[in-house]
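Subject: The structure for you to look at

Hi,

Here is the structure I promised to pass on to you. Please open it next to this email and follow along as you read.

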Amino acid sequence: MADNPKFIWVDGKLTPWNEATVHISQLGTSTVSLVFEGIRAYWNDAARKLFVFRLDAHLERFAQSIRLIRMKQPIAADALRHGVIDLLRANEYAADTYIRPFAFTESATFGGMSGDQARIVLTTQTWLSRLKSGKMSHACVSSWTRITDNVMPPRVKASSNYLNSRMASEEAKRNGYDSALLLNPNGKVAEAPGACLMIVRNGKIITPSVTSGILESITRETLIQLCRDVLKLDVIEREVDRTELYTASEAFLCGTGAEITPIASIDRFALGDGSLGPITQRVELLYHDLVRGIDTRYAEWRTEVKSEG
Ligand code: PMP
């Protein structure tokens, strides 16, 4: 494809895009135990700089996913960190970019066994931010149930978990909604197929706890800190009932890809007056300015990628 990057990073080496191949038979086996990350880098046009957001936190979660499925990580976190930076520089990005690290073992069976050494790939693509675009989402509660920790742990960012996500997203779109919200087997709210959820009730932010069947989202953690420390809002992490979704005055999805996606309605119950709520707006503006480095606080969350030369 014409817009493929020049380079991809494979097992520690910058590799020309067309040279990075595995045998097609591996699609039937290696993908079973593939774990990955999704990271964004934001372009600051005024400063002509690219900032990777929460790189260390993503690489820590990546290492945790590899460990939890009992693969061996052959490349240390620091080398991966440099790999991400080298790859972004080599591909000369001057726009918002998505970075996808993934780890897998080549195998003739179900993605290999305990102790197998992972192969690690880093890939990048341009993906423009939709923050402040004004786009709102109409969500539904899915008829599919979220996977659980003792079945397929949502805490592990494993590609196989996304079959559960696909079921829910596909159903939502087929029924005319933009996004799904999944309940866990106890009937409590878990998360969206690829993002966490925050709702606003009586001026307080409420979000399902990390034991509700969610991926421990880095955006969620970031926003909890920002809402408490900067916006001085109460944030409560607890179980959330389905009908709390319908009585919320505001709600939004949060995640690296979803960023902050405001929700207009859930199961056709309008939230507030169905337009962008004041708390969501404050959260979105703050997040936008921080990730781009317009707001210079929390510098430790941004990794600057210096251009070549
Ligand atoms: N839940 C799921 C299922 C996801 O795929 C994502 C996206 N990574 C999130 C939550 C949000 O996580 P993060 O903020 O770390 O991107």
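This is a predicted model: local features need pLDDT of at least 70, side-chain atom pairs count only at pLDDT 80 or more; totals for chains, interfaces and linings use all residues.

The protein chain is split into domain 1, residues 7-126, and domain 2, residues 137-291. Their centres, taken over C-alpha atoms, are 26 Å apart. On the domain 1 side, 21 residues are in contact with 18 residues of domain 2.

What kinds of polar links run between the domains? There are 11 residue pairs in polar contact between domain 1 and domain 2, counting pairs with both residues at pLDDT 80 or more. The side of domain 1 that touches domain 2 draws at least two residues from each of β3 (35-36), β4 (39-44), β5 (49-53) and α1 (55-68). Of these, α1 gives the largest share, with six residues. By type, the residues on that side of domain 1 are 12 nonpolar, five polar and four charged.

Salt bridges are also found here: the count between domain 1 and domain 2 is two. Side chains of opposite charge can pair when their charged atoms come close.

**Around the ligand**

Next, have a look at the ligand. It is surrounded by 16 residues, and the closest are Tyr162, Glu191, Ser217, Thr219 and Thr256. A polar side-chain atom of Tyr162 lies 2.4 Å from an oxygen atom of the ligand. For Thr219, a side-chain N or O atom is 2.5 Å from a ligand oxygen. The side chain of Arg61 also has an N or O atom 2.7 Å from an oxygen atom of the ligand.

**A salt bridge across the sequence**

The structure as a whole holds 20 salt bridges. One of them joins Glu216 and Arg155, with the closest N and O atoms 3.2 Å apart. Glu216 sits in the loop between β12 (204-208) and α4 (218-229), and Arg155 in the loop between β8 (137-145) and α3 (162-174), so this pair ties together parts that are 61 residues apart in sequence.

Where is Lys188? Lys188 lies in the loop between β9 (179-183) and β10 (189-191). Leaving out residues up to four places away in sequence, Lys188 touches Leu182, Leu183, Glu239, Val240 and Asp241. Leu285 is 97 residues from Lys188 in sequence, and their C-alpha atoms are 30 Å apart in space.

Happy exploring!

Note on methods:
Residues are numbered from 1 along each chain as its sequence is written. Side-chain values use heavy atoms; hydrogens and water are left out. Domain bounds come from an automatic or database domain assignment. Contact means heavy atoms within 4.5 Å. A salt bridge is a side-chain nitrogen of Lys or Arg within 4 Å of a carboxyl oxygen of Asp or Glu. A polar contact is a pair of N or O atoms within 3.5 Å; within protein, one must be able to donate a hydrogen and the other to accept it, and residues adjacent in sequence count only if both atoms are side-chain atoms. Helices (H or I, at least four residues) and strands (E, at least two) are DSSP runs, numbered from the N terminus. Ala, Val, Leu, Ile, Met, Phe, Trp, Tyr, Cys and Pro count as nonpolar, Asp, Glu, Lys and Arg as charged, and the others, Gly among them, as polar. A residue is near a molecule or strand if one of its heavy atoms lies within 4 Å of it.
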